[in-house]
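Open the model in your viewer and keep the selection tool at hand. The stops follow below.

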Amino acid sequence: MALTSSLCYPSAMRVTVEIPDQFVQHLVPAGRDAARSLLEEAVAGAYRDSRLTMEQVRQLLGFGTRMQVDAFLQQHEIYDYTVEDLDKDMATLNRLLATKPR
């Protein structure tokens with residue numbers, strides 16, 4: 001099984017992974033392209049571990065926009081929402097509620 005990207009890079013590494021048929025169904029969802037599925041899992045894991053940036057994810061997976069990357073990350077249950085983000089959002093909400101006419 002070859003794991004390659006369909007994007008045109010000056011150079012790209014081809015990775016071949018041999019998986020016994022009995023295990024493929026446990027690693028690749030039914031009806032999905034095995035190479036693409038394994039690439040997405042590797043990219044999601046690398047992003048989760050902060051080894052790739054959002055821009056690198058976009059390029060590797062051939063997405064045109066950050067919104068596509070966001071959707072991909074949500075599918076893999078990866079959320080870039082920190083406690084600091086929550087604090088800022090709560091402060092904004094409190095400010096808006098305080099200025100809202102009653």
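**Around helix 3**

Start at the end of helix 3: the residue that follows is Gly62, with a positive phi near 75 degrees. Helices here are DSSP runs (H or I, at least four residues), numbered from the N terminus. This is a predicted model, where local features need pLDDT of at least 70, side-chain atom pairs count only at pLDDT 80 or more, and totals for chains, interfaces and linings use all residues. Residues are numbered from 1 along each chain as its sequence is written, and side-chain values use heavy atoms, leaving out hydrogens and water.

Now select Met54, Val57 and Leu61, the buried residues of helix 3 (buried: under 20% relative accessible area; exposed: over 50%; partly exposed in between; 1.4 Å probe, protein chains only). They sit on the same side of helix 3, because their arc around the axis is only 55 degrees. That arc is taken from the directions from the helix axis to the C-beta atoms. Show helix 2 and helix 4 next: both are among what covers these buried residues.

**The aromatic pair**

Select Phe63 and Phe72. The structure holds one aromatic pair. Phe63 and Phe72 form it, tilted, at 5.9 Å centre to centre and 50 degrees between the planes. Rings of Phe, Tyr and Trp (its six-membered ring) pair if their centres lie within 6.5 Å; planes under 30 degrees apart are stacked, over 60 edge-to-face, the rest tilted. Both Phe63 and Phe72 are buried.

**Two loops**

Most residues other than glycine have a negative phi. Go to Ser50, in the loop between helix 2 (34-48) and helix 3 (54-61). Ser50 has a positive phi of about 65 degrees. Ser50 is exposed, at 64% relative accessibility.

Finish at Glu77, in the loop between helix 4 (66-75) and helix 5 (83-99). Its phi is positive too, near 55 degrees. Glu77 is exposed, with a relative accessible area of 62%.

Key. Contact means heavy atoms within 4.5 Å.
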